[in-house]
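The following note sets out several points on the model under review. Please read them alongside the sequence and coordinates.

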Amino acid sequence: MGFDRLLLVRLLMSLVTLGYGVVTVKADFNKTHATNPLWTGHARFHLVWQITSYLGFALLALALIWAPGPYVLERLYLAGAFAGIVYGAFFIALLTMPLYDGRAFDDNGYPPFRAIGLRLDANVTVFSALTVLLLAGIALA
Amino acid sequence: MAGKEKIAAALLTLVAIVYAIVPPLVDISPTHILNPLWTSHAKFHTVWQVSVNSMLGLFSVLLVWWPGASRPLRIKIGAVLGCIALGGFFVAALTRHLYGGAFSDPNGVPPVAGMDANLLLFTPTSVIQVVALLLVLSPERTSK
């Protein structure tokens, strides 16, 4: 793998990692989720547990992506696997929503937005884009 | 695998089984994911979280036991992964007064022997996890 290609893969993997490790903190630690008055205390507890874990996984992934040393390619694949698990699980939760009465947003959360003539869910749009970037990063690695 | 590494691998496997298998068994029920008091998006987040932890637990076991030259590094990563999955629980527990969190809901999992069931499970599990981490991070002693 040439230097530029390695740098590109590292940048893609970092972006994908920041997507689940940092964007979720910004998006969910507020009244739409962690302090949502409609959420029970234990539902909030699970959310904070989930998002702080993702932040931790992301920090570990960034270390794997950027730390000097052996196994560069293997470490990139590991960081990609973390992201694959987080995004894969998101789509599992999305596709199984009818089984547990789930929804991609609450009425006092993030409503869908209109773009290119479509009504798009914010979570689904962002995580779909990041999944495509993840697949591109793995293909280039 | 050397003795210390083998013990760590066994401990990591035990802990991974706990955080990969127990939460789906407990949480896919009317106490959590099917709880009528939870909003639909709160349920969504818990399905997402449980799925991640189950997959990471399985992934951690693969990291630990898959043969190859990079296994010592992978065991360390598996040890840190488990600490993060369980550490998030304690972060949520210690900061719960900041966001109105609770160990359980009124219609959730009742305490066991007067103690919160989550704490009862995850405290010893986390001790084992930290022991495994210390084992894999401590330098190997070489005989003279």
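1. The crossing of H4(A) and H6(A) is left-handed, a term used when the near helix is turned anticlockwise from the far one by less than a right angle, with right-handed for clockwise. Helices here are DSSP runs (H or I, at least four residues; strands are E, at least two), numbered from the N terminus. H4 of chain A spans residues 72-95 and H6 of chain A residues 122-140; they pack at an angle of about 145°, with axes 10 Å apart. Axes are lines fitted to C-alpha atoms over the stretch in contact, and angles run from 0 to 180 degrees between N-to-C directions.

2. This is a predicted model, in which local features need pLDDT of at least 70 and side-chain atom pairs count only at pLDDT 80 or more, while totals for chains, interfaces and linings use all residues. Residues are numbered from 1 along each chain as its sequence is written, with chains lettered from A and ligands numbered from 1 in the order written.

3. In the H4(A)–H6(A) packing, residues including Gly80(A), Ala83(A) and Gly84(A) of H4(A) meet residues of H6(A), among them Phe127(A), Leu130(A) and Gly137(A); contact requires C-beta atoms, placed from the backbone, within 7 Å. The residues involved comprise nine nonpolar, four polar and no charged. Nonpolar denotes Ala, Val, Leu, Ile, Met, Phe, Trp, Tyr, Cys and Pro; charged denotes Asp, Glu, Lys and Arg; the others, Gly among them, are polar.

4. The largest nonpolar core has 71 residues, and Ala61(A), Ala79(A), Phe82(A), Ala83(A), Val86(A) and Leu12(B) touch the most other members. Such a core is a set of buried Ala, Val, Leu, Ile, Met, Phe, Trp, Tyr and Cys residues joined through C-beta atoms within 7 Å; buried means 20 or more other C-beta atoms within 10 Å of the residue's own. H3(A) gives the most to this core, with 13 residues. Apart from neighbours within four places in sequence, Ala79(A) contacts Met13(A), Thr17(A), Ala61(A), Leu64(A) and Ile65(A).

5. Chain B has five helices and zero strands. Its C-alpha atoms fill a box of roughly 65 × 30 × 25 Å along the principal axes, and 42% of its 144 residues are buried. Among chain B contacts between residues at least 6 apart in sequence, 75% join residues at least 24 apart.

6. The contact between the chains takes 40 residues from chain A and 42 from chain B. On the chain B side, H2(B) gives the most, with 15 residues. That side divides into 24 nonpolar, 15 polar and three charged residues.

Terms used:
A residue is buried if 20 or more other C-beta atoms lie within 10 Å of its own, exposed if 12 or fewer, and partly exposed in between; C-beta atoms are placed from the backbone. Two residues are in contact if their C-beta atoms, placed from the backbone, lie within 7 Å.
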